[in-house]
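Biologist: Can you bring up the model? I'd like to go through some contacts with you.
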Amino acid sequence: MTAQIQTHGNVAVITLNNPPVNGLGYATRLAVTEHLAAANADAAVKAIIITGAGKAFSGGADIKEFGLPTALQEPNLLSLILAVENSAKPVVAAIHSVCMGGGLELALGCHYRIAAPGTNVALPEVKLGILPGAGGTQRLPRALGVENALNMIVSGEPVKSELLAMAPGQKLFDKMAASAESLAAEALAFAQSVADARPLPLVRNLPCKHPLGDAYFQFARNMVGGMAKGYPAPLKCVAAVEAATKKKFDDGMAFEREAFVNLMWTPESRALRHLFMAERAASKIADVGADVTPRPVSSLAVIGAGTMGGGIAMNFLNAGIPVKMLEQKQDALDRGVATIRKNYEAQVKKGKLKADKYEQRMALLTTTLDYADLKDADMVIEAVFEEMGVKEKVFKQLDAVMKPGAILASNTSTLDVDLIANFTKRPQDVVGTHFFSPANVMKLLEVVRGKDTAKDVMATVMGLAKKIKKTAVVSGVCDGFIGNRMIEQYSRQAGFLLEEGCTPQQVDKAVEKFGFAMGPFRMGDLAGNDIGWAIRKRRYTEKPGMKYSKTADLLCELGRYGQKTGAGWYDYQAGKRDAIPSELVNTLIADHRKTLGITPRKIGDEEIVQRLVYSLVNEAAHILQEGIASKSGDIDMVYLTGYGFPIYRGGPMNYANEVGLFNVVQAMKRFAQNPLDDASFWQPAPLLAKLAAEGKTFQ
Ligand code: NAD
């Protein structure tokens, strides 16, 4: 049963019991409705309490029911809330820990509410591109006041119950319990105290006005519209709350319902819901179940105190895990530690980190030049130069000193993790942990599973990723893993666009208008154009037949590596990041075109975006087919968290699904006709071709 009923004297207590957060799925709604009817039918019962077992009152909708028909099956949430309101006996919500979304809407339908301090209270629907659909926009403003309610509905952020209880004139909580522990007893006493009180109070009957009326909502629309970044839901939230102040309750409910249904169908909401599900799914590995026990990791070693090593170390220091950094020379260690200090000091200066916390974190950091000092570490992450010879030396030394069972991880971005594992006598303990730069900031972590990597190593690293607040996505072993393998094709295509007639700023603008945080050329300047150059040089020998634009090589031959050299595809002023279009670069591109005998043509934004995004999609389809990624949502997570793909488009795979794979393939066929492009580039991956032909989508 997903909800139980028990009587205590003349009070019936209905306890939601649907772990982990008492989601209001069909079975739970049905059970509560039945218990409610039973309590009403029982002459000995004078009052009813609804509460939640375990870690929550209720977290709202049951995510296991997302998109399934049972989500709407009667009794739906609206009907349940109506049944609560219509109960002839008083219903008291006893709220603790988590009271969110539908959970809060259910509580608002109860006649009384008593809350434990420390409860996180929220209507987070806006984060999924929708609005509360079971009266939240109509009842919360009545209970909490228009402004406070609108802030909660538009931000979706949780607010602690004790803060809400201080809101002037609030009717959200009739009583605050002294503590979570005393909630049950206090709720019981409260229910008994109101058992005979009539009429039963209903939030729907409370007045709902803002003293400034229209002027306030004009102001709210301006504010929210400015921050909504093209998402439709926040402004709809304002409109729904405004309706609460202007319409009769039932008309306001109808307004909310219509807005809710319309928002459900927007591509933005579909993308956000996809992201929500994909993020959860990414943390699960099909063959690594809950029965696999992770290894304990309470200390870490990092080899290499350079750009990545320092950032990686910070993640663990932030999580309270001691880190020992190893370098070959003292001055490299000193530089690494100084950079970490500088990063923390900048955070302290900005008020983002308290000075004592900074000291606590630094106290967890130690350094060494001697591998023998690493023998007690539970895990080591290597971030030395990207050369197989160097990795070999390091892993052989680690194999010699690390204790049995220690996890040996490499931060390599391109090298074969299986080869690295074979430098040791314990390939089952070796894994790739591909952080993104800056490693202390970027959310993405590609966890590279080697052919021998043990399941408990995977479970450990996925758990650690959560601890250091990363979004971990599992990748198989291949050159570039998921993200960089795809970006290589995107960069190739960006090169062809330059040859055919675009300028870097035109390409960047089109892509940024599509919603990317940064176009390919600004991104190249940020990451360093020399990185791509090194990869291309390798490819020229590895894959001599592959077509590349040489424009980027010419740029690098001038030493224009990007921001770090003060010049790349753009010019930069000292200490500034603003990309200034470069006459010199545009001339270089035009001259190169002439050498190739190309007459430039004007290329529209739509073609630019399609060619770049579909180049990602096609490579991703290969990646999926080869099993490098196990599901398309994982690929989307990589691009949303590591490559600035627009969130509201839900990642390249979700976007392709939205466009329709048939249309994607049709466009690719058109691009293949372009003699200046590369026909083989646009050969649809077999999986893409198959799904398109069958009218299916990426899963
Ligand atoms: P880096 O040059 O900034 O730092 C490498 C550090 O390793 C240097 O401080 C060097 O002194 C030290 N080192 C070299 N050989 C060593 C050895 N034998 N023992 C101990 N220390 C040694 O390089 P980085 O950018 O931090 O890259 C490190 C690794 O991370 C590479 O494998 C790279 O491919 C990968 N990576 C880099 C990025 C990035 O954007 N920079 C992103 C993801 C992954």
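Biologist: What do the side chains of Glu 694 and Lys 690 meet in?
Modeller: They meet in a salt bridge, at 3.6 Å from N to O. Keep in mind that this is a predicted model.

Biologist: How accessible is Glu 694?
Modeller: Glu 694 has 39% relative accessibility, so it counts as partly exposed. Lys 690 is at 48%, so it counts as partly exposed too.

Biologist: How many salt bridges does the structure hold?
Modeller: The count is 44.

Biologist: Which residue forms a salt bridge with Glu 242?
Modeller: Arg 221 does. The closest N and O atoms are 2.8 Å apart. Glu 242 lies in helix α9 and Arg 221 in helix α8, residues 214-227, so the bridge ties together parts that are 21 residues apart in sequence.

Biologist: Is Glu 242 buried or exposed?
Modeller: Glu 242 is buried, because its relative accessible area is 12%. Arg 221 has 29%, so that one is partly exposed.

Biologist: What about Asp 530 and Lys 564, how far is N from O there?
Modeller: The distance is 3.0 Å, and the two side chains form a salt bridge. This pair links distant parts of the chain, 34 residues apart. Asp 530 sits in helix α21, residues 529-542. Lys 564 is in the loop between α22 (551-557) and β18 (570-571).

Biologist: And how accessible is Lys 564?
Modeller: Lys 564 is exposed, with a relative accessible area of 55%.

Biologist: Which residues are linked in a network of salt bridges?
Modeller: The network links Asp 479, Glu 488, Arg 538, Arg 539 and Glu 542.

Biologist: Let's switch to helix packing. At what angle do α5 and α9 pack?
Modeller: The angle is about 155°, and the axes are 9 Å apart. Helix α5 covers residues 146-155, and helix α9 covers residues 233-246.

Biologist: Are they roughly parallel or roughly antiparallel?
Modeller: Roughly antiparallel. Angles over 145 degrees count that way. The crossing of α5 past α9 is right-handed.

Biologist: Which residues make the contact?
Modeller: From α5, they are Val 146, Leu 150, Ile 153 and Val 154. From α9, they are Pro 234, Cys 237, Val 238, Val 241 and Thr 245. By class, that gives eight nonpolar residues, one polar and no charged ones.

Biologist: Why do residues three or four places apart point the same way in an α-helix?
Modeller: Because an α-helix has 3.6 residues a turn.

Biologist: New topic. Which residues of α26 are buried?
Modeller: In helix α26, residues 652-659, the buried ones are Pro 652, Met 653, Asn 654, Tyr 655 and Ala 656.

Biologist: What do those buried residues pack against?
Modeller: They pack against several helices, among them α11 (267-282), α18 (481-500) and α27 (661-672). Others on the list include α24 (605-625) and α25 (632-642).

Biologist: Which residue follows α26?
Modeller: Gly 660 does, and its phi is positive, near 100°.

Biologist: Last one. Where is Lys 576?
Modeller: Lys 576 is in the loop between β18 and β19 (580-581). Its relative accessible area is 48%, so Lys 576 is partly exposed.

Biologist: How far apart in space are Lys 576 and Gln 563?
Modeller: They are 8.8 Å apart, C-alpha to C-alpha. In sequence, Lys 576 and Gln 563 are 13 residues apart.

Note on methods. Residues numbered from 1 in each chain as written. Predicted model: local features only at pLDDT ≥ 70, side-chain atom pairs only at ≥ 80, totals over all residues. Heavy atoms only, no water. Axes fitted to C-alpha atoms, helices over the stretch in contact; angles between N-to-C directions. Helix = DSSP H or I, 4+ residues; strand = E, 2+ residues; numbered from the N terminus. Parallel < 35°, antiparallel > 145°, perpendicular 65-115°, else oblique. Left-handed = near helix turned anticlockwise from the far one by under 90°. Contact = heavy atoms within 4.5 Å. Nonpolar A, V, L, I, M, F, W, Y, C, P; charged D, E, K, R; others polar. Salt bridge = Lys/Arg side-chain N within 4 Å of Asp/Glu carboxyl O. Buried < 20%, exposed > 50% of the residue type's maximum accessible area, 1.4 Å probe, protein only.
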